[in-house]
Amino acid sequence: MTESEALLDLAEQAVDAGIARLARAGEGWSARRFKASGEEVTAADLEVEKVVSAVLRRHAPGIPVVGEETARGNVLPPRCWLLDPIDGTMNFTRGSPFHAVSLAYVEDRLPRLGVIDAPALGRRWRTGREDRQPPSSPMARTVDEAVIGLTGTGSGDPRRIGLLQGTAYRIRMQGAMSLDLVGVAEGWLDACLCLRPKPWDVAAGTALVRERGGAVLGAGGRQFAFDSPVLVAGRTALAHAVLGLWESRPAGNG
């Protein structure tokens with residue numbers, strides 16, 4: 001077994017442990033409170049992060065775990081795990097099945113492998129599958145044909161959001177960046193646009209999209225890096241077109 005295969009196997013074991021713990025949770029786990037940033041957090045977020053991190057540290061003690069709920073600062077170690085214990089916490093607190101555990105292994109700020117599990121949907125996606133198939137649905141070539149996932153809008157950039165909504169064939173606002181990236185990898189989204197993404201939100205999905213031949217771009221059309229305020233994923237030409245449309249009109253300008 002190669003190191004990459006061993007790390008992927010460990011990632012799946014760790015996610016399995018988190019999902020099992022979540023399955024035994026009581027209703028009180030979904031009660032929300034708010035972080036200083038204004039984002040929602042629940043007891044489930046904290047417990048899943050604790051359980052997943054414990055498995056990773058026990059079997060790979062030399063690799064730090066950077067989790068959403070315990071991360072401090074913006075500097076990532078040269079190699080680390082990036083963990084979002086529940087991506088789509090707002091969905092989770094409202095009983096929506098569109099939430100996921102997202103775990104990636106990162107070296108030199110590049111996602112090398114990833115596992116995304118949506119427990120309420122009974123679905124898991126991971127890199128490294130030899131039996132993976134290309135998207136079965138026809139993929140749009142232009143923005144006006146495209147179904148685009150949009151996540152992380154908050155209250156900002158309303159004019160640029162309006163421009164995108166007025167140009168794309170359809171916009172889907174599903175509230176979980178990891179699953180929007182899965183949608184691009186699987187083909188049920190033609191592209192996705194993630195605003196102000198955090199590394200743990202998008203690392204696993206970025207690895208998945210790139211492995212399946214898609215582009216993941218950041219500001220200015222460069223390859224996405226974790227300090228970028230925007231992420232666009234899709235086929236290369238379409239991703240550049242979506243990003244170009246987004247960046248063509250500065251927020252707040254008439």
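The following questions and answers concern a predicted model.

Trainee: What is the order of the strands in the open sheet of five strands?
Mentor: The edge strands are β9 (170-172) and β11 (215-217), each of which pairs on one side only. Neighbouring strands are turned by 20° against each other on average, direction ignored. The pairing is mixed, and the order is β9-β8-β10-β12-β11.

Trainee: Which residue of β12 stands opposite A191?
Mentor: Strands β10 (residues 191-195) and β12 (residues 230-234) run antiparallel and are joined by five bridges. In β12, the residue opposite A191 is G234.

Trainee: At about what angle does helix α5 run to β10?
Mentor: Helix α5 covers residues 177-186 and lies across β8 (147-151), β10 and β12. Angles are taken between N-to-C directions and run from 0 to 180 degrees. For helix α5 and β10 the angle is about 160°.

Trainee: How many residues of strand β5 are buried?
Mentor: Buried means under 20% relative accessible area. Strand β5 spans residues 100-107 and is mostly covered. Of its eight residues, the number buried is seven.

Trainee: Which residue of β5 stands opposite W81?
Mentor: Strand β4 (residues 79-87) pairs with β5 in the antiparallel sense, over seven bridges. Opposite W81, the residue in β5 is Y105.

Trainee: Where in β6 is the residue opposite V101?
Mentor: β5 also pairs with strand β6 (residues 110-118), in the antiparallel sense and over seven bridges. The residue of β6 that stands opposite V101 is D117.

Trainee: Which residue takes a positive phi in the hairpin of β5 and β6?
Mentor: This hairpin has two residues between the strands. A positive phi near 50° is found there at D108.

Trainee: Why does A20 count as partly exposed?
Mentor: A20 lies in helix α1 (residues 3-23). Buried means under 20% relative accessible area and exposed means over 50%, with partly exposed in between. A20 counts as partly exposed because its relative accessibility is 34%.

Trainee: What separates the C-alpha atoms of A20 and V51?
Mentor: Along the chain, A20 and V51 are 31 residues apart.

Trainee: How many charged residues are in the lining of the second largest pocket?
Mentor: The second largest pocket has a volume of about 320 Å³. It is lined by 16 residues, and G73, N74, K198, P199 and W200 lie nearest its centre. By class, the lining has eight nonpolar and two polar residues, and the charged ones number six.

Note on methods: Residues are numbered from 1 along each chain as its sequence is written. This is a predicted model: local features need pLDDT of at least 70, side-chain atom pairs count only at pLDDT 80 or more; totals for chains, interfaces and linings use all residues. Side-chain values use heavy atoms; hydrogens and water are left out. On a 1 Å grid over the protein atoms alone, a cavity is a set of points where a 1.4 Å probe fits but cannot get out, and a pocket is an open set with protein on both sides within 12 Å along at least five of seven lines; lining residues have an atom within 4 Å of a point. Grid points are joined across faces, edges and corners, and a volume is the space filled by probe spheres set on the points. Ala, Val, Leu, Ile, Met, Phe, Trp, Tyr, Cys and Pro count as nonpolar, Asp, Glu, Lys and Arg as charged, and the others, Gly among them, as polar. Two strands pair if DSSP finds at least two bridges between them. Helices (H or I, at least four residues) and strands (E, at least two) are DSSP runs, numbered from the N terminus. Contact means heavy atoms within 4.5 Å. Buried means under 20% relative accessible area, exposed over 50%, partly exposed in between (1.4 Å probe, protein chains only).
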